[in-house]
Amino acid sequence: MSITSFFQQSFGVLPDIAVRNPGRVNLIGEHLDYNGGAVLPFALNKGIDLALRRIDAEKVRIRSDRFETPAVFGHGERPEGGWARYAYFSAELARELGWWEGGLEIAIMSDLDHGSGLSSSAALCVATLRALRDQAGRSESDVDIARLARRVENELIGMPCGIMDQMAVAVPRPGQALFLDTRSLEFETIPLPKSHRFITIHTGVYRELADGRYKERKEECDVAKAFFGTDDLCHLELEKVKAAEGLSDAVRRRTVHCITEHKRVVDAAAAMSSADMTTFGTLMNESHASMRDDFEMSVPGVDAVVETCWKAGALGARLTGGGFGGCVVALVEPDKAEALVAEVLSQQSAAFVVDGGVSA
Ligand code: GAF
């Protein structure tokens, strides 16, 4: 069913506007987007469709094809849970900015599983803001939209994330990677190579405690920032960090990850631009080791999937996203893809493929 038909089925009229927004997978550069580093996510073919219409009643009514019960909010509410609050808070921020008044009907269709680590929440915030921007005929850029979507997460949802996910779902087209400097928001888009496939596999390890542990890592990075007197851990000198006295071992290792991971991202973007996918894969593997040992954001179930990918002939495989569960992304030659997937699924009964990695 199209999003327009779903809207009509839900609310009995046609929408004013409909938009589609992709999800993302990060290829390399984890937990760098609040530490001054570069990241390299790509936009998926899967995503969120959203349609909306302005109404007179001062209500925001939201329907999703994923949930039976519609959500209805008045203005100024602070819902503490639930999928619909991402769209609601984004709409409320846009209302405070003067983009619309009255009420809204919003319909959402998604082929991104919520909680699968493909940035469904960033995609929902960006889609809502984009639809409201376009409907109001405003001139904010996609980068402005990404900044606002991050404000929704930080200020209204209470998730202290960086800006990678919002930029990754707002800027590149599906099949493009985004080489992003998270300090300046300067970016370059790089087409994914046609010669290889990036396969995204959910490990079956769900990230129930992820938000708490994400915050814990962020706080450790804040300790390092205070210690070194900088907001930018990624550009510190490695030797200076290793030799610094008075820093706890854990905080030192978090900082080491930021420095080495940032360099890997820069090298990986260069490798992808020059079609050197062997080097790219090696950097992915080194990234996983750094996330496992220095940033300590992996868990045994994730390591097991990554190791199975390595054994099954992946050029590279690593945890992707916020960590403590979620997805693994593997780089493979197309003729090895099927066997790799079969091997992972036979070893890990809870794992499943979320994106088969059709090249650009
Ligand atoms: C989550 C966050 F939302 C991002 O900002 C980023 O920090 C990522 O984890 C880790 O790289 O997706």
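A: Happy to! The centres of domain 1 and domain 2, taken over C-alpha atoms, are 25 Å apart. Domain 1 covers 3-190 and domain 2 covers 193-358, with bounds from an automatic or database domain assignment. This is a predicted model, where local features need pLDDT of at least 70 and side-chain atom pairs count only at pLDDT 80 or more, while totals for chains, interfaces and linings use all residues. Residues are numbered from 1 along each chain as its sequence is written.

Now to the meeting place. Domain 1 brings 29 residues to the contact and domain 2 brings 39 (contact: C-beta atoms, placed from the backbone, within 7 Å). On the domain 1 side, strand 1 (17-26), strand 2 (38-39), strand 3 (41-55) and strand 7 (176-181) each give two or more residues (strands are DSSP runs of E, at least two residues, numbered from the N terminus). Strand 3 gives the most, with three residues.

Next, the core. The largest nonpolar core has 108 residues, meaning buried Ala, Val, Leu, Ile, Met, Phe, Trp, Tyr and Cys residues joined through C-beta atoms within 7 Å; buried means 20 or more other C-beta atoms within 10 Å of a residue's own, again placed from the backbone. Helix 3 (residues 120-136) supplies the largest share of this core, nine residues (helices are DSSP runs of H or I, at least four residues). Both domain 1 and domain 2 give at least three residues to this core. Val-126, Val-328 and Ala-330 have the most contacts inside it.

How values were computed: Contact = placed C-beta atoms within 7 Å. Buried ≥ 20, exposed ≤ 12 C-beta atoms within 10 Å, placed from the backbone.
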